[in-house]
Amino acid sequence: MDYKKDDLVEMLATGKMSRRKFQSLLGSLGIATVTLPVWTGPARAAAEDHPDVLTWEGWDIPEHHQEYFDKHGEYPNFSIMGDEEEGFAKILAGARYDVSHPCSYKVEIWRDAGILQPIDVSRLDHWGDIVPSLKQIPGMTTADGDVYFVASEWGHTSVLYRPDLVDPKYQEEETWGILWDERYAGRLSMADSLIDGVMVAAIYGGAEDPFNMTDAEVEVTGDLLRKQLPLLRYYWTSPTDIENAMAAGELVATSSWNDSYTALKGEGINVKYMNPKEGAMTWVCGFCLMSAADPEKLEKSYDLIDAFISPESGVVTIMDEGYGHANAKAFDLVSDEDLAERGLSKNPDELLNSGIFQEPIGNEPVLQGLFEEIKAGL
Amino acid sequence: MSASPSEPVRATRGGVRVWFMRSESARGYALLSPTLVVVVLGLIFPIVILTTLSFWKQDYVDIIRTFTLENYSAFFEKKIYYLILYRSIRISAFVTLVTIVLAYPLAYFIAFHVQKNKIMWIILVTIPFWTSYLLRVFAWKVILGYNGVINSGLISLGLISEPLEFLLYNPTAVVITLAHAWAAVAILPIYVSLEKIDRSLIEAARDLGESAFMTFVRVTLPLSLPGVIAASLLVFIPTVGEYVTPTLVGGTRGIMIGNIIQSMFGKALNWPLGAALSIISMLTVTLAVCVLLGGTRWFRKKVG
Amino acid sequence: MAATRLKLNGLGLYAIAYLGFLYLPVAVLPVFSFNDSQYVAFPLKGFTLRWYDELADSYGLLNALGNSIRVALCVSVLSTVLGVFAAKAVTRYRMHGRGGLIGFIMVPLVIPEIILGISLLMTFSLSDVRLSLVTVGIGHLLLCVPFSMLVLISRMEGFDRSMEEAARDLGENAWGTFWRVTFPIIFPGVVASLLLTFTISFDEFVLAFFLSGSDATLPLHIWSQLRFPERLPSVLSLGAIIVVASTIVVFVAEFVRRRGVQLAPPRA
């Protein structure tokens, strides 16, 4: 079957190819296409030795784990999740990873589901540099002292708004209430999630402990969400949803994370990020070691987690994402102006303690059911 | 094909072979077997898992493995599930109708009015669908959006002063996006069945004095029905379970049953209920398909 | 005569308008791939090629594109072959339980994709199969076979059996009959099926999400990039390139074919 390329074109062009030739050509083409996926080339074979990581979009770029590359000369394998629940579903159904990247409030349920294994922090070179308060996050350590979570990046959930398009009074009195302001009906958005959406309503509704609400508080929260539904353009599921719309003026205010604020400001859009009087939410995400981890890749998995909490990775997190980082040394590598521009300072502990810290949500399924019903217009 | 009396005698050696050659069913099964084996192997476990799951119960992160009908009764007790299922079926049926009605004339045009390069036209129809679906949905957001193509166009023409907000983030946007997304799936089967029609039948009808329109209604349309049915099924069935499009362009009012099921396997963490809901929605879709097929059979009898 | 001419024109106009509708979203992509702003919104900011520049650096993207093409090629060929078998069987032979069997093959269409994805993933993990492009391909195959089968059935239904019988009487064996008689007749159906299944697999997201290992397919890659505003314009430029490139391929193929028509000796 060694037709020269030109012959093949010529044959096809003139129609001079006999049926038999065509038949055998078709046959070999069939075999070739069927075997292609098996033959993926030598370049990919090496990746088999590296850990499989389930992470967020953006954390797969080399800058975040340069230290790992420097040590091993190759990159780990990344799978991307849209949110922790998607990743959780995939893991429960049997997908295997060595390392995962949830936010702290999910660690408890993940551990209860038996998918995490304790982390030996003495094997992490950068553990000593972690901001002290990030070593005491509720749920990350068991009563026996086993650590299940290594904090990496942290930030806030608050209101992002266009000061040029809303009542100036919101610049003096920053409040979640802007997301319920009927004057901006159809120009508001909320996160399509319990932690960044429903909890916002709980905080605005004045719940004592938003993460463990009483029945009466749940009722208030539900009513607020119902009241808000007709005012919303949509519930957002990714930063793209809100950043494009904020840039266009389609939205005037939305709940968001710091990164959208940093990005929009970087593009010269007139936006502000609130520190609501009811309190902004603080979240921390980081890395977990999976119980399904391949023992042979354990050493490299530790190296990878170490790379993610290195000061160099921290600088990328602060500069590009506008998030805080767990490694205190990262803050020393960034100038005061750059920190101030992102609402950060050299004293991360202070910021971490100022907001409402995200915790595991009590009665999560019931709240989710309520949220679904409200979204369905019931 | 009449059997001669001498044949059974000859068949002693190859009795099975003769039986095989004679029995239509056996030969049909043999020919069907590769496909069937693949589908059975691929589906048997998923179906077993799904069914079993639907009779179990979720408790926090554990699944309690005792038989219960709770998940099924939840469907009838809580308004949300059947309401959303009904809404999904309605949206999908509407999408199917719109898609087929829009696609048929194009398929007809390619089959009857394009003389050369038909394959080229067919490929031309499929090319837009080689760019990612997600990108196309995103593009629709840009077209229908607040500062989108339509709004900017209308504003620059001075027809409106404020952007129209009703274009996007509602069930209509879902219908437009899906009618676009499934166009190729509708055009191809219709074209294929139109192409098959024996032209002499159409000429005969015209020679017998039928008008062009009546020829279409009485000859072309009924003969192309297999393609129309195939297209309707291929569009209707998958769109009922759709969840990506409603999330992206449906806004707060465009949720479909797929979203609920997805949430059961994700955020709400209730796999058994999710399984039960998908079984119910599958059965409902099957029922709807039977109604559709019954309807066309009736139509065929009536016209043909 | 004038009337038929007019009708043709009307239909032709509609065809062009409809093609316009099909190409409208695709035409938007290139516009913003040259726009000098990371935000995809009017008004346009200015001309830039930087998104194409970034695209060239994106290893993950090219890798994902290659993965998707491979999977889609395999899936389209395999599912069309299986579709031909199935369609031939159900249209050619009167079988007991024909409706039930067709129905069963159609089941993957009725199962919501997310369910099919999760339950296939559970099946693979129970049988210790490592997630890879092969598992994605298996999922896509299940999804594509019904499409192939339906397209081919609608082509084969009412197929004139006497043609095949004539070939058999003339001494052709089963394979010869299929290849010389049946195949040319169902050829348009085969092309339609290949195109359709290629398109479906190339573009499938939900199954790929659950069944892929660390090798992302293109829709998965695009999805992860879409969530990331600053990478979006590069993805748009990729979309633009795919459309332009596939159009060029089609026109080159057409050119080759036409040249063939000119070169081919007149048929007797």
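This is a predicted model: local features need pLDDT of at least 70, side-chain atom pairs count only at pLDDT 80 or more; totals for chains, interfaces and linings use all residues.

Started with chain B: I count 15 helices and 2 strands in chain B. Helices here are DSSP runs of H or I with at least four residues, strands are runs of E with at least two, and both are numbered from the N terminus. The radius of gyration of chain B is 25 Å, well over the 19 Å from the globule rule for 304 residues, so chain B is more spread out than a compact globule. (That radius is taken over C-alpha atoms, and the rule is 2.2 Å times the number of residues to the power 0.38.)

Residues are numbered from 1 along each chain as its sequence is written, with chains lettered from A and ligands numbered from 1 in the order in which they are written.

Next I boxed chain B along its principal axes, and its C-alpha atoms fill roughly 85 × 65 × 35 Å. Of the 304 residues in chain B, 48% are buried (20 or more other C-beta atoms within 10 Å of the residue's own; exposed is 12 or fewer, partly exposed is in between, and C-beta atoms are placed from the backbone).

Then I looked at where chain B meets chain C. I find 79 residues of chain B in contact with 81 of chain C, contact being C-beta atoms, placed from the backbone, within 7 Å. Helix H3 (residues 24–54) of chain B gives the largest share of chain B's side, 18 residues. That side splits into 53 nonpolar, 21 polar and 5 charged residues. (Nonpolar is Ala, Val, Leu, Ile, Met, Phe, Trp, Tyr, Cys and Pro; charged is Asp, Glu, Lys and Arg; the others, Gly among them, are polar.)

Last stop, strand S8 (residues 253–257) of chain A. I see 5 of its 5 residues buried, so S8 of chain A is largely enclosed by the rest of the structure. A:Ala253, A:Ser255 and A:Trp257 point one way, and A:Thr254 and A:Ser256 the other.

Which strands does S8(A) pair with? Pairing needs at least two DSSP bridges between the strands. Strand S5 (residues 150–161) of chain A runs antiparallel to S8(A), joined by 5 bridges, and A:Thr157 has A:Trp257 as its bridge partner. Strand S6 (residues 188–191) of chain A pairs with S8(A) in the parallel sense over 2 bridges, with A:Ser189 partnered by A:Thr254.

Methods:
Two residues are in contact if their C-beta atoms, placed from the backbone, lie within 7 Å.
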